[in-house]
Amino acid sequence: MEVIMGMKRRGALVAGMATAAWALMPIQQAAAVAISDNCDVMPCSYGDLHLHYNSVEHGGSYSARASFYGNIPSYYGGMYANISFTYIFGKNSLGQNTADTGKGVKNAAASVENCAPYDSYRVYYNSNYQGASQYFADTLGSQFCAGGKLVNLNSTLKNQNASQHFA
């Protein structure tokens with residue numbers, strides 16, 4: 001069973017649906033839930049880091065997007081509250097599906113937008129916050145993304161990114 005969840009539907013409805021699906025399946029047949037926002041399966045606060053499939057000059061804000069809050073040890077996915085999940089790119093900033101919607105996030109992002117008013121982030125080359133990294137500053141208290149400030153990942157991290165951490 002694969003379910004692609006929406007971008008900002010945070011809360012009990014999504015987690016409840018995933019939990020109910022798990023309860024009905026035998027453990028050996030359980031499949032991962034595919035999500036584009038880690039807040040769909042775990043509690044989060046406000047201030048996401050958006051990863052976009054394309055670079056700025058190739059329509060980054062119109063390409064598929066994944067949103068993450070907090071420390072993410074692997075863009076591949078993981079497990080939370082007995083829910084196994086994989087991270088995928090979801091709809092773009094306009095809420096539309098693109099050719100890249102549904103693709104895995106790990107080692108696939110080309111640009112980033114920090115939408116956190118008070119949290120800065122680092123994106124890392126390897127899982128578990130290892131290797132080369134790039135810093136993305138907070139939005140200085142703004143409740144919105146930094147004026148639509150989409151930034152390309154540097155040449156080391158473009159399409160080679162595996163984790164993020166509060167900086």
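A residue counts as exposed when its relative accessible area is over 50%, as buried when that area is under 20%, and as partly exposed in between. These terms are used in the legends below, which describe close-up views of a predicted model.

**View 1. The chain as a whole, with 1 helix and 10 strands**.
Followed along the sequence, the elements of this predicted model come in the pattern α-β-β-β-β-β-β-β-β-β-β. The chain has 167 residues, and buried residues make up 43% of them. Among the contacts between residues at least 6 apart in sequence, 70% join residues that are at least 24 apart. The accessible surface of the chain comes to about 8100 Å², and carbon and sulfur atoms account for 55% of that surface.

**View 2. The largest nonpolar core, a set of 27 residues**.
The residues with the most contacts inside this core are Leu49, Leu51, Phe68, Tyr75, Phe89 and Val105. At least two core residues are supplied by each of strand 1 (33-35), strand 2 (49-52), strand 3 (65-68), strand 5 (83-87) and strand 7 (121-126). The largest share, 3 residues, comes from strand 5. Tyrosine 75 can be followed in more detail: leaving aside its neighbours within four places in sequence, its contacts include Leu49, Leu51, Phe68 and Val105, and also Tyr87, Val123 and Gln164.

**View 3. Strand 5 and the strands that pair with it**.
Strand 1 pairs with strand 5 in the parallel sense over 3 bridges, and isoleucine 35 stands opposite tyrosine 87 of strand 5. Strand 4 runs antiparallel to strand 5 and is joined to it by 4 bridges, with glycine 77 standing opposite threonine 86.

**View 4. The hairpin turn at alanine 81**.
Strand 4 and strand 5 form a hairpin that has 2 residues between them, and alanine 81 lies in the loop between these two strands. Although alanine 81 is not a glycine, it has a positive phi of about 50°. Most residues other than glycine have a negative phi. With a relative accessible area of 56%, which is over the 50% limit, alanine 81 counts as exposed.

**View 5. Aromatic rings around phenylalanine 68 and tyrosine 87**.
The count of aromatic pairs comes to 7. In one of these pairs, the rings of phenylalanine 68 and tyrosine 87 have their centres 4.6 Å apart and their planes at 75°, so the arrangement is edge-to-face. Phenylalanine 68 belongs to strand 3 and tyrosine 87 to strand 5, so the pair ties together parts that are 19 residues apart in sequence. Both phenylalanine 68 and tyrosine 87 are buried. Ring pairs also link Phe68, Tyr75, Phe85 and Tyr87 into a cluster.

**View 6. A ring pair between tyrosine 69 and phenylalanine 166**.
The rings of tyrosine 69 and phenylalanine 166 have their centres 5.6 Å apart and their planes at 75°, so this pair is edge-to-face. Tyrosine 69 lies in the loop between strand 3 and strand 4 (77-80), whereas phenylalanine 166 lies in strand 10 (residues 163-166), so the pair ties together parts that are 97 residues apart in sequence. Tyrosine 69 has a relative accessibility of 19% and counts as buried, while phenylalanine 166, with a relative accessible area of 28%, is partly exposed.

**View 7. An open sheet of 3 strands in the order 8-7-10**.
The pairing in this sheet is antiparallel. Strand 8 (130-136) and strand 10 are the edge strands, each of them pairing on one side only, and the twist from one strand to the next averages 30°. Strand 7 and strand 10 run antiparallel and are joined by 4 bridges, and valine 123 stands opposite glutamine 164 of strand 10.

**View 8. Asparagine 128 in the loop between strand 7 and strand 8**.
Asparagine 128 has a positive phi of about 60° although it is not a glycine. With a relative accessibility of 47%, asparagine 128 counts as partly exposed.

Methods
Residues numbered from 1 in each chain as written. Predicted model: local features only at pLDDT ≥ 70, side-chain atom pairs only at ≥ 80, totals over all residues. Heavy atoms only, no water. Core = buried A, V, L, I, M, F, W, Y, C linked by side-chain atoms within 4.5 Å. Buried < 20%, exposed > 50% of the residue type's maximum accessible area, 1.4 Å probe, protein only. Contact = heavy atoms within 4.5 Å. Phe/Tyr/Trp six-rings, centres within 6.5 Å; stacked < 30°, edge-to-face > 60°. Pairing = 2+ DSSP bridges. Axes fitted to C-alpha atoms, helices over the stretch in contact; angles between N-to-C directions. Areas by Shrake-Rupley, 256 points an atom, 1.4 Å probe, with all protein chains shown as cover.
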